[in-house]
Structures are given as structure tokens and as C-alpha cells.
Amino acid sequence: MSPPTNRTWFSSFTSNLQSLLLLTQSFGNATSPTLQCSPEALSQFLPNDSQSTITYATSVAQNGTWFKPSPAFPTPNSGLPELCAVAINVVSSPTSSYNFGLFLPTEWNTRFLTSGNGGFGGGINWNDMGTSALSGFVGLSTDTGHLSTSGDASWALNNPETQTDWGYRAMHGSIVLGKAITEGYYGKKISYSYYSACSTGGRQGLKEVQMFPDDFDGVVAAAPAWWTSRLQPWSLQVGLWNLPVTSPTHIPSTLFPIIATEVMRQCDPQDGVVDGIIQSPFSCQFIPSTLLCTPSQNTSTCLTAPQLKTLYKFYHDWTDSDNNVLFPSYPLGSESQSPFLLNTDSSIPSSYGTSWISSMVLNLSASTSSSYNWSSPSLWNVSTVHLGDALNPGNANADDFDISPFAKRGGKLIHYHGLADGLIPATSSLYFYNQVMATLVPSSKVPASSFYKFYLVPGMLHCSGSVGDAPWYINGGGQAFSLGDTVTGVPGFDDSRNGGGARFDVLKAVMRWVEDGIEPEELVATKWVDDDVTKEVRRQRKICPYPESAVWDGEGDVDMEGSWKCKSLF
């Protein structure tokens, strides 16, 4: 092999130096606090209107543990860096208030990183904040004004002000105050502000982009529940399609692995590689009749004709009597999580649908809601869906598709969704993307690709994990903590040889885009053996910006990301 030319050497040196500088900017040049970690010291940075109060400010020692459990976040943080843990209560109306937390690390990288919530859950997400602090960020999260598990919206009953806190107010208000406390504590301006979260957290991120475009420089929104007024009724409807459990149309949970195996058998080879990953479910020509029971076959291993009709509904858009789309369908390959919403072995639909309809739309009392006949057409019908649209409880829908103000102030948005997500179908994110394109492209307000990237991740489940051995980890919202409370970044792929980790780490990708103007193209998802970062990498795969998809080069190892190229679907 001939030696590199001077130009080649210089280009390589420059690229590596640029990556090293990014890494240094991300985790070096730390700033230390100038004030004590105490309510007295921090209260001076709150407004003088007595509507906000420092609940506590507590020092946490190096390698310390923090545990303030809530129904939504019951897991402690351990192995933390030295930091100041702060909680603030804010009165948002005469009948409501919310709380938010801050982790202020002693060694601060001058950046501010906000985390989100899940479902209807209320609680401060100390877990993601701990991950942020380990990487030098100030971490922030809000409880959105209540405490509950993710599937419980009973707190919203006849409580419109708390609904508003949940919808957007608590997030924005927490960010404004959190930034003021941060800058006061360190005596220095925040250099950049970021957001990264999934599910309802993804919705919160998109809502921030739309309503408060100045809050963040970069946003990573994953599997967003952006269309709440349609997503939650759909969660109810898909359950009703599979009920009652005594109906011949009912598909029990025991059959979904069989359905998933057949979908994989048919759809996996159609992308040119048999590797246990459905690369492009939308192009798969699936023949469901192959699941149909023969006269002599045991019905525990196949589907009857009535069950097949139910399965058909799952894979087709929910429409009204005039064939207007109410909500998009499950993609092929999402079967492993489908039972979560279908409540396959329960007599009632998922609480994500029933709780939202009863507590936010119809305002039913708890006793009435528990006995509500959800299958009655006179009580549950399309008019209920449209009522939810009109009310838009909490103004939660993130459906303002003109996000050009965020672009004009320099903001960058990365949006991704797992194609095997069985809780929020990836088709809803595809719908969002198409609506943004339809809004921005004809107006020529701003080229969408200059600030907005959308990625579909083959095999990824809801927010984290995957079907089989599909690579899924890109350090998105909540992903690091799901692998261990001291996991940060992408272990083994954070160094300068890998672009400072920006190809493998979606948070670093948006940071490099914001801070260095380097636009992300493909990302690389990673899968470790047993999802254990101390073990070897099982496989990696390029994740391409839509409308591109990764295609095998026909020669290399299919488990190596270098064997895949991004190619346009159209």
C-alpha cells in the first residue's frame, strides 16, 4: 500500500483534531460552582413573586446514591458524581403546582440537558438526570404537576390546570427557572441547552420546539406521543378489536409469538438479508393467510378465520365510516409489544385509552369510569374522538407543523422511532414527518433538512430494547440508564477515531450539529451481547435519515455497520 499523500494526511489530521476538540468541549473545560449548595444561596435566583420555593438543596458526595422515588420513577441512582441535588416547587395557578429537580455537578461542562416523562406518569426523572450529570451536564426534569404511574390519568379528572401543567406549562416553566438557578450557582452563562427524551418525553420535546423555540439549541425527540388526542383513543380501539376474551375473534397473548415468527419469516428475507431484522416493514408483502388453521391443526399454533380478521385490523389504519384515517396502524414486526395495549388476557382495554377518555375527555367519576361499558357504540364512538380533538386537554398535542421559528433561531431537531414499537406505532412519527414536509417545503420558509432529521430504527421496541439482536442503542432518552445506572455515552465508541462518538451517539450528533455545524447523516446503532455493555458487541447497523434506508453491500459481514450503505427508498 502506498503512503498517504500530504493532502490525505492533513485531511485525516484535521478530521481527527476536530473530533478531539468536540470530545474536549463535551466533557472537558469543566466549571465549578461559586455558591454553596443550600436553599438560602439558591433562592436569590427565583422570581420575587413567592410563587416558587426551593424545597431542598442537598449535596451528594462522589460515587453517591440518590433516591427520591415516585410511581413513575421508582429506581434509585447510584455511582453519581459529586453534585448538588435541588428540588423546586412552583405554584402554577390557584389550584395547581408542579415540582422540578436539578442535578448540578461540581464539574460542569457548561451545558444544560433536560429529560422528559412517560405516558401520564408524574414524577421527577432523577434517573436520566443522573446519566446527564455523569457526563458533566446540568440535568433537569419536572414531575409535570402530579404523581402517578404512566398508565394512570385519574389525577386529571376535573383538573384542567394540572392538565395544562402536564401538557406543556410545567416543562417550560421549569426550564426557565432551572436555567436561572444554574447560571446563578456557577456564576456563568449556559453555553448550550439540549433536550433528549422518549414517548411522552418525545412529545414534550416537540411541544417545546413548537411553542418555545428559544428554550433549546438542540432537541432529540424519540417515539413521540405527539398526537395525544388520537393516540389514546386508538389505544382504546385496538383493545376493543380484541375483546371480549370469549369472542371467537379474540387473539390471546400465546398466539402473538407465533404471529411474530411468521411475520419475521416472510418479511426478513425481503430486504435481501436473513438476519432476524425486518429492515423495511412498509415494503414487505405479507400474506397473513399462511397463519390460518387447517381443519386438523391445533388452534393453539395458528389463527382461525375470525382471529385473522382481527389481525387484519391491527395492520391497517383506523378509519371512520367515510374511510377517513383516524390513526395509523401498527407496522409489521411490532408484534412482540402489541399485547401491551391489546390487553390480550384482560376483559377491559388498556388504561392508556380508558383513563384518558374518562378523566380528560368525558370527566367521568371514578366509580362511573370503572363500570363504563367501553364496547357500547352509544358511549364510545367516533364523536368521542372528535370531542377529544376539540378539547385537546392540557393543550398537549404537538401538532403545529410549522417549526420554522425553531430553525430560524438556529435550533436543530433529531427525531427517531423504533419500527418494532408496539406502544406508539412508528407510523405516527412518519405521519408527523410528512406533515412537517408538507408545511415547510411549499412555503420555502427554510429547508427542512438543514435543521430536522428523522430516523426509523429497524427492530427497536418502544424507546429501548429490540426484537432479537437488532441494534438499537444510540444513547437516546432513557437508554443509558436502562443498561446500567453508571452507563454513559456509547461505551467503546466515544473516542476521537469515531467522530467524538457522534456517529454512534444521537445526543453527541445533535451537539456536533449545533456547536460545530456538522450535519448528521447516518447514525450507527449498537447491540451488545445480552444488552450488557461489559460484553462484546453483537452487531452494529447504520440507521439512515428518512427517506433513506440501510442496504447491505452484498459482500461484507452483515453484523458490521460498514457493510451497509444508505439508499433512498424513492
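## Helix α16

Buried here means under 20% relative accessible area, exposed means over 50%, and partly exposed lies in between (1.4 Å probe, protein chains only). Helices are DSSP runs of H or I with at least four residues, strands are runs of E with at least two, and both are numbered from the N terminus. This is a predicted model, in which local features need pLDDT of at least 70 and side-chain atom pairs count only at pLDDT 80 or more, while totals for chains, interfaces and linings use all residues. Residues are numbered from 1 along each chain as its sequence is written, and side-chain values use heavy atoms, with hydrogens and water left out.

The buried residues of α16 include Lys508, Arg512 and Glu515. Val506, Leu507, Trp513 and Val514 are also among them. At the start of the helix, a side-chain oxygen of Asp505 comes to within 2.9 Å of the backbone nitrogen of Leu507. Gly517 follows α16 and has a positive phi, near 70°.

## Helix α8

Helix α8 spans residues 305–314. Its buried residues are Gln307, Leu308, Thr310, Leu311 and Phe314. Seen down the axis, they fall within an arc of 155°, so they line one face of α8. The arc is taken from the directions from the helix axis to the C-beta atoms.

Lys309 and Tyr312 are exposed, on the face of α8 turned away from its buried side. The cover over the buried residues includes α6, α7 (256–267) and α9; contact means heavy atoms within 4.5 Å.

## The largest pocket

The largest pocket holds about 720 Å³ of space. Among its 35 lining residues, Phe73, Asn117, Gly118, Ser199 and Cys463 are the closest to its centre. A pocket is an open set of points on a 1 Å grid over the protein atoms alone, with protein on both sides within 12 Å along at least five of seven lines; lining residues have an atom within 4 Å of a point. Volume is the space filled by probe spheres set on the points, which are joined across faces, edges and corners.

Elements that each supply at least two lining residues include α3 (126–134), β8 (192–198) and α6 (228–241).

## The cavity

There is one cavity of 30 Å³ or more. A cavity is a set of grid points where a 1.4 Å probe fits but cannot get out. The largest cavity holds about 40 Å³. Its lining includes Phe67, Lys68, Phe73 and Trp126.

Methods: A polar contact is a pair of N or O atoms within 3.5 Å; within protein, one must be able to donate a hydrogen and the other to accept it, and residues adjacent in sequence count only if both atoms are side-chain atoms.
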